[in-house]
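Have the viewer open and follow along.

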Amino acid sequence: MLKFGTSDVTTNDTSYRTTTETSGEQVAGQALVPNTNSKKQIAKINKPKLPKNENEVLEFFKKKIWPTVEARKFYNHYTSIGWKVGGKIKIVDWQASAENWMLKAAEIEKKQTKKELSQNQDNLKTTKQKDYGQPL
């Protein structure tokens, strides 16, 4: 370990003393100790929050006033893929994923109702009863 001081002596001891050239007295230096607990703290912060069982998911969807069918779909889908997003990244917060699921379901439902409305409209204004004997 490198020590920045005025002495020519290097030691491996973490608690060391250096000597100044002018006065010859010893001055206490700072011991540098690596922090080995930083990795443990990070692991606790990023620990995934997964539901304990299906009932917890059902209760969450019930609070958000969503049908239990959607809750079961959500739980079965993510259980089958190992609670991962895109098959690679572990889900950190399942409740946030459930809210995204609800948003997507609402968007899909809006698109389907729009599509049904446009299919029901007859843009050409033709009748269902056609007379094929009549010339164009």
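What you are looking at is a predicted model, in which local features need pLDDT of at least 70 and side-chain atom pairs count only at pLDDT 80 or more, while totals for chains, interfaces and linings use all residues. Residues are numbered from 1 along each chain as its sequence is written, and side-chain values use heavy atoms, with hydrogens and water left out.

E70 is found in helix α3; helices (H or I, at least four residues) and strands (E, at least two) are DSSP runs, numbered from the N terminus. Which residues does E70 touch, not counting those up to four places away in sequence? They are F61, W101 and A105, with contact meaning heavy atoms within 4.5 Å.

E70 also has a charged partner in its own helix. Its side chain meets that of K73 in a salt bridge of 3.3 Å, N to O; the term stands for a side-chain nitrogen of Lys or Arg within 4 Å of a carboxyl oxygen of Asp or Glu. Both K73 and E70 lie in helix α3, three residues apart, about one turn of the helix. An α-helix has 3.6 residues a turn, so residues three or four places apart point the same way.

Another one joins E54 to R72, with the closest N and O atoms 3.5 Å apart. E54 lies in helix α2 (residues 54-63) and R72 in helix α3 (residues 68-80), so this pair ties together parts that are 18 residues apart in sequence. E54 counts as partly exposed at 26% relative accessibility, and R72 is partly exposed too, at 42%.

The side chains of E99 and K64 meet in a salt bridge as well, at 3.3 Å from N to O. Here E99 lies in helix α4 (residues 94-120) and K64 in the loop between α2 and α3, so the pair ties together parts that are 35 residues apart in sequence. E99 has a relative accessible area of 36% and is therefore partly exposed; K64, at 38% relative accessibility, also counts as partly exposed.

Now turn to helix α2 itself. Its buried residues are V57, L58, F60 and F61. Seen down the axis of α2, these buried residues fall within an arc of 160°, so they line one face of the helix; the arc is that of the directions from the helix axis to the C-beta atoms. On the other side of α2, N55, K62 and K63 are exposed. The two ends of this helix deserve a look too. At its start, a side-chain oxygen of N53 reaches to within 3.3 Å of the backbone nitrogen of N55, and just after α2, I65 takes a positive phi of about 55°.

The next stop is the aromatic side chains. A search of the whole structure finds nine aromatic pairs, counted when rings of Phe, Tyr and Trp (its six-membered ring) have centres within 6.5 Å; planes under 30 degrees apart count as stacked, over 60 as edge-to-face and the rest as tilted. The rings of F74 and W83 have their centres 5.9 Å apart and their planes at 70°, so the pair is edge-to-face. Y75 and W83 also form an edge-to-face pair, with 6.0 Å centre to centre and 65° between the planes. F74 and W83 are both buried, and Y75 is buried as well. One aromatic cluster is formed by F60, F61, F74, Y75, Y78, W83, W94 and W101.

Finally, zoom out to the whole chain. The protein has four helices and four strands, and along the sequence they follow the pattern β-β-α-α-α-β-β-α. Of its 136 residues, 15% count as buried. Among contacts with a separation of 6 or more, 38% are between residues 24 or more positions apart. The accessible surface comes to about 12,200 Å², of which 53% belongs to carbon and sulfur atoms; such areas come from the Shrake-Rupley method with a 1.4 Å probe, and for residues only the protein chains shown count as cover.

Notes: Buried < 20%, exposed > 50% of the residue type's maximum accessible area, 1.4 Å probe, protein only. Polar contact = N/O pair within 3.5 Å; in protein donor to acceptor, adjacent residues only side chain to side chain.
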